[in-house]
Amino acid sequence: MWVFLVTEVMFFGGMFGGYTVYRNMYPEAFASTSHFMNVTIGAFNTAVLIFSSFTMVLAVRSAQLGQKKALIAFLILTLILGCVFLSLKYVEYHEKWVDHHIPGPGFHYADPRYFHQAQILFFLYFAMTGMHAIHMIIGAGLLAALIVMAARNRFSATWYTPVEMIGLYWHFVDIVWIFLFPLLYLIGHTR
Amino acid sequence: MRAPGMTWNRLPLFVWGHYATSLIQVLGTPVIAITLVLLGLERLLHAGIFDPTVGGDPVLFQHLFWFYSHPAVYIMILPGMAVISEIVACFSRKAIFGYSFVAFSSIAIAVLGFLVWGHHLFVAGQSMYASMAFSFISFLVAVPSAIKVFNWTATMYKGSVSYETPMLYAFGFIGLFTIGGLTGLFLATMAIDVHVTDTYFVIAHFHYVMVGGMVMAYLGGIHFWFPKITGRLYPEGWAKFAALVVFVGFNLTFFPQFILGYQGMPRRYAHYPPEFQVLNVMSTAGASILALGYLIPMIYLTWAWRHGPSSPQNPWNAKGLEWEQSPTPPPTYNFDHQPVVTEPAYNYSGREQEVDIGG
């Protein structure tokens, strides 16, 4: 799993690299876009994900102690928090759709000076948060599978490896978001 | 899962080579993956990220592309080098000279290979200072490959060399890979690259490494392990003949391309000026001969798989777990008993102690 997570770092890293280059090239344009990001939702989602990592850790701990009910409860809680995150993401994407901020033929930006550069930022926004969301959906599926396995008594204090592995995966997805949030939402918010 | 007695320093260099390869694969492949995802999204959404007409940067694409694609060529060559180590040791009846150096060279190639991608962007508008750095590191990455070539040569020195087909291919590899590698240094030199970039010189360079190098190593490996895999022997006479045909065909195909490139013929041109015709025709003729050289083994290897004479357990008298502790051909799980490692790799001299640097 660690080796896989290294590949994931390289995978997201390509997009962070692209973001770095363009932000360097178009600092004002990028700063102007962050005013259209819903910082409230973003910040709340950040808290949701961090808390879900906490519940995931508690799930792993329950597995280590052989506590089946607690394990299932914490896995379900983590899954619910993940779904909260994804629902709020949907709300944000819908906002973007209404504002015509989805890149493509329908794109429109309030400040005409920054039309192209803003489109690039939004392209990266959707690519990065979209890729992140796909990973969360996969994570949600994995959590569901873990819940079923736990209910069927597959885990014990001596063997709970899938719980640990998917815990690592979940933490990784959380960490990616922790980098995404400031880079996408908070650029122009220095006062 | 580790066989009793196995240590890092007893691993065949074949394994070291593949280990280094896997390091590159794990780190490099995700980058090309995300690059293709971004490119695909660009096409799908009709929105630009690399498109200069909408503020995008095509050079960014090149950086992302080559960040993987340069290490990719090391993914391609390291397994070939790994095979050559096995073949040279066996057919010199001698341990590989400087085992540790060859092992660490594989790792060094993997590491340095990630630091040179900018040599594909010398004329793409990259900063002169970045180009200088990439040029310098590209020179550095040639060093571990050269170490391997010197060590294989030193292995043969005062060895008991025999000229079976795998060894013929290994000789081909060592000579042709050296030419390919040296011409790589030409290309890494910025001033020369400006002249020969995007010409047939580049094509000749990488074909010397890929075909003269990797394909020769591949054919050598196929012949070396054919008896092990199939339990049968291929016809040695035909094999030697085919190796010669491949060698002649390959050089006739690609050597003229160095000259063509130097004279200015660009890559990817279907129509070229008449002054380039003679060399082009020569190259085509060579290609036909090379094709024959590939066809002959395809025929006799297929024939030998079904109708070849049975192979003894270890036809080459090679050292190595696959030859000494596994039946020929192997059972489903490769070994019918737990293999035990009791000696250093390539222990052709029969010494019991591990040998220090210098072989």
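A crossing of two helices is called left-handed if the near helix is turned anticlockwise from the far one by less than a right angle, and right-handed if clockwise. That term comes up below.

## The model

This is a predicted model, where local features need pLDDT of at least 70, side-chain atom pairs count only at pLDDT 80 or more, and totals for chains, interfaces and linings use all residues. Residues are numbered from 1 along each chain as its sequence is written, while chains are lettered from A and ligands numbered from 1 in the order in which they are written.

## Chain A overall

Chain A has six helices and zero strands; both are DSSP runs numbered from the N terminus, helices being H or I of at least four residues and strands E of at least two. Its C-alpha trace spans about 60 × 35 × 30 Å along the principal axes.

Of the 191 residues in chain A, 39% are buried (20 or more other C-beta atoms within 10 Å of the residue's own, with C-beta atoms placed from the backbone).

## Helix α3

Helix α3(A) covers residues 39-64, and its 26 residues should span 38 Å at 1.5 Å a residue; the end C-alpha atoms are 37 Å apart, which agrees. The expected span here is 1.5 Å times one less than the number of residues.

Its buried residues include Gly42(A), Asn45(A), Val48(A), Leu49(A) and Met56(A). Helices α4 and α6 (161-185) of chain A are among what covers them.

## α4 against α5

The axes of α4(A) (residues 68-98) and α5(A) (residues 115-151) come within 9 Å and cross at roughly 155 degrees. Axes are lines fitted to C-alpha atoms, for helices over the stretch in contact, and angles run from 0 to 180 degrees between N-to-C directions. The two helices are therefore roughly antiparallel (angles over 145 degrees), and their crossing is left-handed.

Among the residues that meet here are Leu71(A), Leu75(A) and Phe85(A) from α4(A), and Met136(A), Ile137(A) and Leu143(A) from α5(A). Contact means C-beta atoms, placed from the backbone, within 7 Å. By class, this contact has 18 nonpolar, four polar and two charged residues (Ala, Val, Leu, Ile, Met, Phe, Trp, Tyr, Cys and Pro count as nonpolar, Asp, Glu, Lys and Arg as charged, and the others, Gly among them, as polar).

Terms used:
Parallel < 35°, antiparallel > 145°, perpendicular 65-115°, else oblique. Contact = placed C-beta atoms within 7 Å. Buried ≥ 20, exposed ≤ 12 C-beta atoms within 10 Å, placed from the backbone.
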